[in-house]
Amino acid sequence: LALVQVPVRLTGSTCIDFVKWCSQAQPENAGDLRDVFTHAMSKVLEEAKKRPLKDKKMAVKQMIPNLKIYCKEGPGLSKDRFPARWLPIFDQVAGNVKPML
């Protein structure tokens with residue numbers, strides 16, 4: 001845990017660092033972080049557009065190679081429902097589950 005000076009307007013690098021932290025730490029309170037994560041990802045995508053690469057997906061991968069997003073539980077109530085968890089964007093996981101942005 002560290003104290004950080006957060007500017008009034010978040011910079012692209014601050015947002016990239018936050019998304020990297022979420023991808024690495026995989027915080028359990030992902031629901032509480034939903035709005036700030038969404039805003040940070042928006043900034044990350046803006047930063048990707050500034051990169052000289054034509055493929056923006058590759059630009060994001062270059063900035064955050066281990067990017068993960070939180071996928072909610074569901075649908076249904078059976079034991080076979082999708083469990084809530086952080087899933088990688090660029091790598092395959094067991095069961096060929098892959099989130100889409």
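Biologist: By class, how many nonpolar, polar and charged residues has the lining of the largest pocket?

Modeller: The model is a predicted one, and its largest pocket holds about 350 Å³ of space. Thirteen residues line this pocket, and Arg-34, Phe-37, Thr-38, Ile-69 and Tyr-70 are those that lie nearest its centre. Sorted by class, the lining comes to nine nonpolar, two polar and two charged residues.

Biologist: Which element gives the largest share of the lining of the largest pocket?

Modeller: Two elements give two or more residues to that lining, namely the helix α2, which spans 34-50, and the strand β1, which spans 68-71. The largest share amounts to five residues, and the element it comes from is α2.

Biologist: Which element gives the largest share of the largest nonpolar core?

Modeller: This core has 22 residues, and those with the most contacts inside it are Val-19, Phe-37, Val-44, Val-60, Met-63, Ile-64 and Leu-67. Two or more residues come from each of α1, α2, α3 (56-63), β1 and β2 (85-88). The largest share, five residues, is that of α2.

Biologist: Which residues does Met-63 touch, not counting residues up to four places away in sequence?

Modeller: Met-63 is among the residues with the most contacts inside the largest nonpolar core, and Val-44, another residue named in that group, is also one of its partners. With residues up to four places away in sequence set aside, Met-63 touches Ile-16, Lys-20, Val-44, Glu-47, Ala-48 and Arg-51.

Biologist: Does Ser-23 count as buried or exposed?

Modeller: Ser-23 lies in helix α1, which covers residues 12-25, and, leaving aside neighbours within four places in sequence, Ser-23 is in contact with Ile-64, Asn-66, Leu-67 and Lys-68. The cut-off for burial is under 20% relative accessible area. Because its relative accessibility is 4%, Ser-23 counts as buried.

Biologist: Which residue in β2 does Cys-71 stand opposite?

Modeller: The strands β1 and β2 run antiparallel and are joined by four bridges. Within β1, Cys-71 belongs with Ile-69 to the covered face, whereas Lys-68 and Tyr-70 make up the uncovered one. Across from Cys-71, the residue in β2 is Arg-85.

Biologist: What pattern does the chain follow, read along the sequence?

Modeller: The chain has three helices and two strands, and 28% of its 101 residues count as buried. Among contacts between residues at least 6 apart in sequence, 37% join residues at least 24 apart. Read along the sequence, the pattern of elements is α-α-α-β-β.

Conventions
Residues are numbered from 1 along each chain as its sequence is written. This is a predicted model: local features need pLDDT of at least 70, side-chain atom pairs count only at pLDDT 80 or more; totals for chains, interfaces and linings use all residues. Side-chain values use heavy atoms; hydrogens and water are left out. On a 1 Å grid over the protein atoms alone, a cavity is a set of points where a 1.4 Å probe fits but cannot get out, and a pocket is an open set with protein on both sides within 12 Å along at least five of seven lines; lining residues have an atom within 4 Å of a point. Grid points are joined across faces, edges and corners, and a volume is the space filled by probe spheres set on the points. Ala, Val, Leu, Ile, Met, Phe, Trp, Tyr, Cys and Pro count as nonpolar, Asp, Glu, Lys and Arg as charged, and the others, Gly among them, as polar. Buried means under 20% relative accessible area, exposed over 50%, partly exposed in between (1.4 Å probe, protein chains only). Contact means heavy atoms within 4.5 Å. A nonpolar core is a set of buried Ala, Val, Leu, Ile, Met, Phe, Trp, Tyr and Cys residues joined through side-chain atoms within 4.5 Å. Two strands pair if DSSP finds at least two bridges between them.
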